[in-house]
Amino acid sequence: MTLLPVIDDDSAPFWEAARRGELVMQGCAGCGRLRFPPRPMCPDCQSLDVTWSPMSGRGTIWSFVVPHPPLLPDYAELAPYNVVVVALDEDPTLRLVGNLVTAADGPINEILDIEIGAPVRVVFAEVSDDVSLPRWVPA
Ligand SMILES: [Zn+2]
C-alpha cells in the first residue's frame, strides 16, 4: 500500500478496532447519532462526548468507480481497479470508501463487475503494523 491513513486522536479507536477485526462507529453520547468519519463534535447537538459501537460489518454498494490512468504511478500499475463506497446496514448514511475484494488480502483489481445495491461484508487487510484496512467482499 502506498497511501496509508493518518491516525489521529479522533480516529484512533476506529483503527484499534480494525486491528482486532472489528468495525466500530463513533456515536454521540448526547443524542445517540452515529457518525463517520470520526470527529470531535456531534453535527446535530454539538456534544463533545463520544461512544463507540460495534457494527455488523454488513452493507451495500452505494457507489463505485473504476479509475483509469492518469493516476499516481503505484496505482497506475494496478489499474483498472475498483473503489467502492459502502453504506452500512445499521445506518445507510454511514458510508465508507474501500475496495471490493474476494478475500481480505486479495487484489483490488480482481472484481470490476460491480452493481449498486449489492450486499457486501467487511474484512480487514493488515497492511502495516498499525493499520488493518477495512475492505469488502460480496455477501
Ligand atoms: Zn449529538
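**Note on the structure**

1. Exposure of Q46. The model under review is predicted. Q46 counts as exposed, because 10 C-beta neighbours lie inside 10 Å and the cut-off for an exposed residue is 12 or fewer. Q46 belongs to the loop between β2 and β3. Its backbone also deserves attention: although Q46 is not a glycine, its phi is positive, at about 65°. Most residues other than glycine have a negative phi.

2. Cis peptide bonds. The loop between β2 and β3 also holds P37. The peptide bond leading from F36 to P37 is cis, with omega near 0°. A cis peptide bond is likewise found between A79 and P80, where omega is about -5°. P80 sits in the loop that runs between α2 (73-76) and β5.

3. Overall make-up. The chain contains two helices and eight strands. Read from the N terminus, the order of elements is α-β-β-β-β-α-β-β-β-β. The C-alpha trace spans about 45 × 30 × 25 Å along its principal axes. The radius of gyration is 15 Å, which agrees with the value near 14 Å that a compact globule of 139 residues would have.

4. Burial and contacts. Of the 139 residues in the chain, 22% are buried. Among contacts with a separation of 6 or more, 49% are made by residues 24 or more positions apart.

5. The sheet of three strands. An open sheet is built from three strands in the order β2-β1-β3, and the pairing is antiparallel. Its edges are β2 (34-35) and β3 (50-54), each of which pairs on one side only. Strand β1 (residues 24-28) is joined to β2 by two bridges, and these strands run antiparallel. Within this pairing, Q26 has R35 of β2 as its bridge partner.

6. The sheet of five strands. A further open sheet has five strands, arranged β6-β5-β4-β7-β8 with antiparallel pairing. Here the edge strands are β6 (95-98) and β8 (132-138), and each of them pairs on one side only. From one strand to the next, the twist averages 45°.

7. Pairing around β5. β5 and β6 form a hairpin, with six residues between them.

8. The faces of β6. Which residues of β6 lie on its covered face, and which on its uncovered one? L96 and G98 make up the covered face, whereas R95 and V97 make up the uncovered face.

9. The nonpolar core. The largest nonpolar core comprises 20 residues, and the members that touch the most others are V84, V86, L100, V120 and W136. At least two residues of this core come from each of α1 (12-19), β5 (83-88) and β7 (119-126). The largest share, four residues, is supplied by β7. In soluble globular proteins, nonpolar side chains tend to be buried together.

10. Surroundings of V120. Leaving aside residues up to four places away in sequence, V120 touches G59, T60, I61, V86, L100, W136, V137, P138 and A139. Of these contacts, V86, L100 and W136 are among the core members that touch the most others, as is V120 itself.

11. V6 and V101 are 95 residues apart along the chain, and their C-alpha atoms are separated by 23 Å.

How values were computed:
Residues numbered from 1 in each chain as written. Predicted model: local features only at pLDDT ≥ 70, side-chain atom pairs only at ≥ 80, totals over all residues. Core = buried A, V, L, I, M, F, W, Y, C linked by C-beta atoms within 7 Å. Contact = placed C-beta atoms within 7 Å. Pairing = 2+ DSSP bridges. Axes fitted to C-alpha atoms, helices over the stretch in contact; angles between N-to-C directions. Rg over C-alpha atoms; globule rule 2.2 N^0.38 Å.
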